[in-house]
Every structure is written in C-alpha cells, then in structure tokens.
Amino acid sequence: MADFETYQEYQRIEDYDEDSPPGEEDLLIHVPESRGDPWHHIKNLDNFFTRIYHFHQKNGFACMVLSEFFELVQFLFVVTFTTFLFNCVEYDVLFANRAVNHTGQTLGPLDRNKVTISDAILPGEQCTERIEGNSWIIFLLIMAAIFWVYRLVKVIFNVLSYWEIRQFYIKALKIQMDELCNFTWQEVQVRLINLQREHPMCVQKRELSELDIYHRILRFKNYTVAMINKSLLPVKLHVPFMGEMIFLTQGLKYNFELLLFWGPLSLFQNKWSLHPKYKRAANRQDLARQLSRVILLTGLVNLLLCPFVLVWQVLYAFFSYAEVIKREPGSLGARRWSLYGRLYLRHFNELDHELQGRMGRGYKPAAKYMNVFVSPLLAVLAKNVAFFSGSVLAVLIALTVYDEDVLTVQHILTAITILGVVITVTRSFMPDEHMVWCPEQLLQCVLAHIHYMPDHWKGHANKSETRDEMAQLFQYKAVFILEELLSPIITPFILIFPLRSKSLEIIDFFRNFTVDVAGVGDICSFAQMDIRRHGNPQWMSEGQTEASVYQQAENGKTELSLMHFTIKNPRWQPPQESSVFISHLKEKVQQDAQTGPSPHLLLSEAPLCTSLLSNESATGPDNLLASVLAHPVLTASCVPARNRRFIPQNSAASAAASVLASLSSSQQPHAGQRSRSYAPRQTHDSPVYSSDHALGDSMSASDSRILSQSYSALASEFASAEMSLHAIYMHEVHQLKTQHAPGQLHTSLPMRDMSTNSDPQILSTQTDSLAPLVSGRLGGWAEEEEADEDEINSSGPVPDQTSRGSS
C-alpha cells in the first residue's frame, strides 16, 4: 500500500456553501411526525423516492405484486421440480433400457408394450423414501425452505409498501392507477416538487429540485459510476494467454454494494450518511486494515457458499435458456450491453429508464459495427462446415418425411437438433453480402448514442484492438451466461486478492469525494457535476476548473453528464459554475457554426447517409431523427463526393455546431400569428438548445402520421437527438484539442455557398404548420419504458412510449 505521503494532496472536498447553509450541517435528514398524512416528514426519503420511481416504471401496484408472487412461485418450482427429477423418475424405464411388466408376466425384450410417462414415475411412497434416505438432499431442502420463508416475509413487507405508495399516488399526487401509464416520470417528478411546497416531505429544504430527487434515488449508483470512471474497482483482470479481460457480474456487483453501501459492516451508517470516521484522514490506515479484514471475511463466506450458489446458477440457467437455445440457437450469438458497459457508459444522475432508452438506441449501430469484423479464414471454414452439416441434415429430414418411424431410432432426433445448432452458429461467421465496409462511420453512429468513447478509438475503428475493446462493452449473450455461471467461483478470489489491495484507495476515495448537502445527506461529489471541482480542461472546461488530475473525471464524464442532465431536465436551474460552462459551450457552438456547412445541405443529404449506414428505411421517429440529426454530422464521407473537396478536417464538429445553432435560431419568435407560439421558447431563458422546431424539416408527406404522436414522445425524441449532437460535437472538439496545440487548429472553410438555400432560419420557416404542436418550452422529456436490468431487447432500439416515453 502507498504510504501517507503519496496521498498528501488528497483532501476531502469542502461542502457546498450554497447547498449547506450554516447550522444545518449536523441536522438529521428527516424528522417523523405522528400527525398528518403518513408521507409528511418522511424519515427515509431515499427509500421513499426510490419506491415512487420503481412504482411508476413497473406499471403500478398490480404488476408489482404479481411479479413478487411469481418470483416466489418460480423459486418453489425450481426446487421442487429439480428434487422430483433427481429422486422420482426411473430413467431406465424412460430410456427403454428395462422392460415394464404391464400384465404381471415376464416379457421379452421384443415383447415390450408402449412405455408411458406414468411408468417412469415412481410411486409417492418410494419417492419419499429416496428423499428421506439422502441426507444431502434433506439439507439442501431445509436451506431452500429457510430462504423461501425469508423471501415470503420480505414479499409481505414489500406488498404493504407498494400499497402505501399506491395511496400516495392517488391521494397526494392525484394520479389514479388507471391513468398511471399516461404520465411520464418527469410529470410525476414535477408533482413531487410541487407537493413539497405545500406538504413538506423533507424538513431540511423548503424547495426540492430535480437534482435532489436524482441524488436520493441514485446515491449509491453515482458512487459506483464514479469508481468505475476512476478505475478503482478491480474489474480488469490479466488472464494468462488471453491478456486483459473485463469481469463484472451481478454476483460481484452485489458483493461490492454489500461491502461499501448497505451491508452491516459497510462504510455507510445509514442510507444517506457516510460514517463520520471515514471522513477523517487521521485514521485512514486503520480504516483500510479494517476494510481489508471485512473484504477477506466476505470473500471467505462467498467461497463457503460457492457450491450452493453454483448449483442454483446452473439450474436457473438451464431452466431459463435451454428452451430458447433449442428454439433459437442463434440467440447465443446475439449481443447485449455488458454490466461493465452500462456502468462505464452511464452518466452521473442518469436514471435506469434513461440509460435503458439510450442503450436501446445504440444497439443497432453497435451490432452493425461488430458485424463488419469477419475473419476470412473463419468464413471459409464456416461455409464448408455449414455445407456438410446441411447435407446430412437434409438427408435425415427427407428420411423422416418418408417414414416417421425413423425418429424412433436412437439419437436421430438428437443429431437433427445438433446439426441445426451447428448450421445456425456457422452462419454467424459468414459475412453479409450486402454489408458496406464503413467502420469509422458506424463507430461514430454508436458514439452518438452511447456518448463515451476512448480517445484512441478515433481513426482506428478498423483495427481489431478497437473491436475487442468494444466487445467488452457489447458482449455476446453466450459470454454473459458463461460469466454468470463462473461468477460463484471467480468472485471470492477477486474479493480476497485484487479488492483487498485497494482498501486504502477506497477509503481515500470516499473521504475525498463525499460532500454533505443539506436536505440530501452525503453524496458523491462527482454527482454534483461541478465543473470547477471536477472538470477536465481538455473537455471545454479550460480556465473554468480548479481540479487536479486526481479530482478530474475521466472521458469528459462531468461535462457530458451536465449536458445530459440539463437537456433531460430543462426546468432545472444549474449552479453558477455550471451555467458559465453551458454559456461558454453555447458561444463556442455559435462560433463554429459560422464556418460550418449549411443545415439545409445536411438535411438534404440525410437520406444518402442513411442508405450508406443502414438497410432499413427511416420512417419511424427513431430512424428519422437519427438520420437527420446524427448521421450527416458523423463523418465527412456522408457528404456527396462532388462536394467532398470543400470539407475541412474538422467538418464533423462544425457540422454538429451548425445544426445545433440552427436549432437555437429556430426558437426565435416569428412575425404575425406565429409569434405567440414561439414566444415561450426564447433563447435567453434556455440553458441549451431545443430541437422542437426541427421536426418539419425531418418530415416528408409519407411521414405525416408522426404528427399523431404525443407531445411527450416527440419531445423525448428531440431531447435524445439533441444530446447526440452535443456528444458528437464535444468529442470532436476534444479530439482537436488533444491533437493540435492551442492556436494551431485548422480553420474551417465557409460552406454556406454549397447550397442554394443557405438561410440559417431555414429550420424555422419550414415548421410554421407544426408550431401549435411543438411550440412552448419542453418542460419534461418523456421517458423510456424500464426493461429488465440484465436484458436489453436485441431486436433493436427500445420503442418510445407515451406512458414511459423515451429519455
């Protein structure tokens, strides 16, 4: 471990004066009252707001109770069915290895009657004797029963909690259960903020902001995202002969959270407060040794429970995926965002449904990028293996069609199944004959949605090293299943060895990056998205940040998170330092837009770019907005060849700036009757740009049905497109800063003469007929429907819905 001198520069960041008024630092977070409604002066607002959020995302009381009930039934079914299969089935009879005496007379091998299922099942008395005679089975059943009873008690408490939240929605928020699906989370959040003014839920603050609510729901997740961003958690392992690999599973993540956040020996003394001893630097060495012992104990417990957890993982995987693999063998070759990728790519203060929507939008571009890497050698081998396997399979199928008795031959059905799996797997190694080789463009499309990308990927999208690193974020489903199966074995060793060695760094991290905010409690200072304390000079915060290298967030996490939160919560008033950064970014965009390509040129060439990068027509809101607002600014190659000579080296940044500036200029009020519609969207009171008036330019006559979409769904689409533009622009500017010394940046050539209509107000003048629909301040972006944390729909982006919307 490093000695104390190494950490002399690590000082706990001081509390924010504007958020912690004098005299309030030591106050309890909440004071319960015995009178009034049960949600007045709530003792644990973290838990309360989290339950409100999950209640909304999981579609209300009935769905949540039914899910809890079936979790109990599912566990009971797995245990009882597995016990039955091991103790109550006569497999010699089932496999026809032994004759069944139906008549009481001994039959020869050729005189067997037809075997039924009941013949292979032992009588109840014999089955019970087998179970009672196996002490190991008895022990496992007792352990399973104890766990099931524990889960039953927990479910009962959860149901009571859900009922309380249901009453809160009906009585306090005035939202009936049959109308819950029509409210977005932002609308629920607005009602929570208004309710605080009339009936205070928190006694510390009279006014709650959107950031306060996010802090309480994401308190621990923000810490985890920050630790992944600072490479503090040991998720990168060096495997012999395989190099560096990322290993982060649900079990390992559960142990991290148990040790650091909510376990009996964790660093937090309650849900909202870090233990005071961890805030003092004097005893950091003692605390590190204490944490090391706790980690060692947890690792040993994991090692002791490894056989039981492993058996459960195998059984659960078998019952969950065996039928899917039999029906769709290619599903193992589908990809999903890894757990590490979801933490690495997550913004500070990004709720689950917001992340889900963003990752869903990035699924198709990421899958296309990964699919362009095909080994010619493997392709040749796969074609030949598929040919031979297909030939044998065709013969077997023909024989079964001619005479179905062929299926009674031993292992014929097994051979047909295996050959089908082999053919499906080999096809995944064959390249698509219609595929266009454009890795740089595809990787930029991915960046538009995921918002984060290592610097060394730029210009190296065609290299296998970049593809392998992308595969760590976007893994095969088969790899995910294998990692989860190996997790009970590998997790104890990660805890005992790599994590213990980081005990001192973990103690220093929580001391240095924890701040106390009145009315909220202890939070990760990175979650404040404060440019001055955590900004990175290479990410457009030069001259505005005082952060050392240790205090800076990596990969522009602070700056991008600030922009993301501001766009998703337009009513939020950022602090002074954040407002200065946003204003500086806005000025920079306006400057770069002067030398950028015409927005009309970009919009007119959007169909060409879409055809290069996609085989599907962009008719829905997702594809339409992505082609218009993202694809044309990703790379210079999207511009026609006849105009490519006019494009400077930094055209992507200037093109993104041009579209963003056009969105900003489209907010200006128009003359006559249109003035009233556009007046609420004045640019001086909007911290960032709004994209509502770009709808008209991105629509054609065949897309007029989009007008029937709800306002919230359209607003969420434009919010996502706007953030994609900002991500592209900020990454391009960052790349220019890192590649060139100050004052040596290439000057963009004027491109306004490339279009016959270069009026910067083109985006406004073409949207007059849509003004009633998209006018007014976009007060709350609609949100994406929350999906399972571990599964993302591999068929494409998650569709936007009015009930949850899309973030």
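Helices here are DSSP runs of H or I with at least four residues, and strands are runs of E with at least two, numbered from the N terminus. This is a predicted model, where local features need pLDDT of at least 70, side-chain atom pairs count only at pLDDT 80 or more, and totals for chains, interfaces and linings use all residues. Residues are numbered from 1 along each chain as its sequence is written, and side-chain values use heavy atoms, leaving out hydrogens and water.

Let's start with the surface. Leu 300, Leu 303, Leu 482, Leu 486, Ile 489, Phe 493 and Phe 497 make a nonpolar patch of about 640 Å². A patch takes residues with over 30% relative accessible area and no salt bridge, joining nonpolar side chains (Val, Leu, Ile, Met, Phe, Trp, Tyr) within 5 Å and like charges within 9 Å; a salt bridge puts a Lys or Arg side-chain nitrogen within 4 Å of an Asp or Glu carboxyl oxygen. Areas come from the Shrake-Rupley method with a 1.4 Å probe, and for residues only the protein chains shown count as cover.

Phe 493 sits in α19.

Now the cysteines. There is 1 disulfide, counted when two cysteine sulfur atoms lie within 2.5 Å. Cys 88 pairs with Cys 127, sulfurs 1.6 Å apart. That ties together distant parts of the chain, 39 residues apart: the loop between α2 (61-87) and α3 (91-94), and helix α5 (residues 124-132).

For burial, under 20% relative accessible area is buried, over 50% exposed, and in between partly exposed (1.4 Å probe, protein chains only).

| Residue | Relative accessible area | Class |
|---|---|---|
| Cys 88 | 4% | buried |
| Cys 127 | 10% | buried |
| Cys 306 | 13% | buried |
| Cys 445 | 4% | buried |
| Phe 493 | 42% | partly exposed |
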